Amino acid sequence: MNQTPVLLCMDAGNTLVKWCLFDNLQQNFSNAMNFSSQPTSELKPFENACTVLGDLLSSVLSDLDNPVAAVLLCNVLGPDFERAVRRLCEQHHVPLHVLSVNTKVPMRSAYENPSQLGKDRWAACLAVSQNSHAQVNLLVSFGTATTVDAVVDQAGWQHLGGFIVPGLHTMFDSLHVNTAELPPVRLGVPASHLDSGFWPGTTQRAIGEGVGRMQAAFVQSLVNQLAHQYEQTPVVWFSGGFAHQMVMYFPQAHLLEHAVFKGLVFDYQCSVQGRS
Ligand SMILES: Nc1ncnc2c1ncn2[C@@H]1O[C@H](COP(=O)(O)OP(=O)(O)O)[C@@H](O)[C@H]1O
Ligand SMILES: CC(C)(COP(=O)(O)O)[C@@H](O)C(=O)NCCC(=O)O
């Protein structure tokens, strides 16, 4: 029997709870079939999430051909959700590793209270430190919120801090919910990619491109800030559910695929090395 110890990585975000398998021997993420997600709303109330998670994950956790060596959790959903995952791990006798900020990794956050920093932001910053050759980096995550974090290498990796603004879907939703007539809208293709004129002549384009341009302009303002501060243009990394689409608005950005999962695995590996 081919026994490959795998790590079950879980990224619990406000819109989607995502999970995938990391092959601990080959040191890569298992094939695309093993990337899954569930709407976060379907796991509420979180104190009962163990049952739904059990239905979703029990086949993975009971797979004797590919035994799960540990479950790795990056959680921004609070203690009830963490407890639900812990209960699930106990039921399957699998150890749980919960990501926290400023522990055994070679990067420090300047956040006043590091435990307040979103674990998904921290994990993605760790992934930047592992993937970037640049000293000055700006990481943008387009999820329920859009977060922008400065990550620099100055004789060691530092997270300087960052900003949180409503994400694309959150902006579209707030216009729809707070007005009488504005429809639900999706991110539009920017005018530069279309034959149509620059100025939007439909409601879809007016909102869809307006929000896209607004988010891109926000990113550009922080690129300018870092360039001024460090006298070099930062490398910009995009992650999160809307990253692919936002590259149309900001072509100089690099996509950082699976940023949270990459940071989560790195955090786990550092903690295991720290223990041995
Ligand atoms: N190709 C895509 N795959 C997954 N989500 C996408 C994609 N394109 C847009 N989205 C949107 O991205 C959001 C989820 O992003 P994600 O980074 O998982 O958010 P969160 O971490 O806040 O749960 C959803 O609102 C989803 O509609
Ligand atoms: C800002 C966030 C809501 C983003 O979460 P997401 O959009 O990925 O679901 C999350 O990182 C969070 O809850 N942060 C805690 C506050 C902070 O980072 O300062």
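Student: So where does ligand 2 lie?
Tutor: This is a predicted model. In it, ligand 2 lies between domain 1 (6-98) and domain 2 (108-262), because both domains give residues to the shell around it.

Student: Which residues come nearest to ligand 2?
Tutor: The shell has 14 residues, and Gly13, Asn14, Gly118, Gly143 and Thr144 come nearest. Helix 3 (119-131) and strand 9 (145-153) are the elements that give two or more residues to that shell.

Student: And how do the residues of that shell divide into nonpolar, polar and charged?
Tutor: For ligand 2 you get 8 polar, 4 nonpolar and 2 charged residues.

Student: OK, now ligand 1. Which residues are around ligand 1?
Tutor: Gly13, Asn14, Thr15, Leu16 and Lys18, then Gly143, Thr144 and His169, and finally Gly240, Gly241 and Phe242. That shell divides into 8 polar, 2 nonpolar and 1 charged.

Student: Where does ligand 1 lie, then?
Tutor: Ligand 1 lies between domain 1 (6-98) and domain 2 (108-262), since both give residues to its shell.

Student: Switching topic: how many residues has the largest nonpolar core?
Tutor: The count is 77 residues, and Cys9, Met10 and Leu264 have the most contacts inside that core. Helix 3 gives the most to the core, with 7 residues. Domain 1 (6-98) and domain 2 (108-262) each supply at least three residues to this core.

Student: What does Leu264 touch?
Tutor: Leaving out residues up to four places away in sequence, Leu264 touches Cys9, Leu72, Cys74, Leu99 and Ala123.

Definitions and conventions
Residues are numbered from 1 along each chain as its sequence is written. Chains are lettered from A and ligands numbered from 1 in the order in which they are written. This is a predicted model: local features need pLDDT of at least 70, side-chain atom pairs count only at pLDDT 80 or more; totals for chains, interfaces and linings use all residues. A residue is near a molecule or strand if its C-beta atom, placed from the backbone, lies within 6 Å of it. Ala, Val, Leu, Ile, Met, Phe, Trp, Tyr, Cys and Pro count as nonpolar, Asp, Glu, Lys and Arg as charged, and the others, Gly among them, as polar. Domain bounds come from an automatic or database domain assignment. Helices (H or I, at least four residues) and strands (E, at least two) are DSSP runs, numbered from the N terminus. A nonpolar core is a set of buried Ala, Val, Leu, Ile, Met, Phe, Trp, Tyr and Cys residues joined through C-beta atoms within 7 Å. A residue is buried if 20 or more other C-beta atoms lie within 10 Å of its own, exposed if 12 or fewer, and partly exposed in between; C-beta atoms are placed from the backbone. Two residues are in contact if their C-beta atoms, placed from the backbone, lie within 7 Å.
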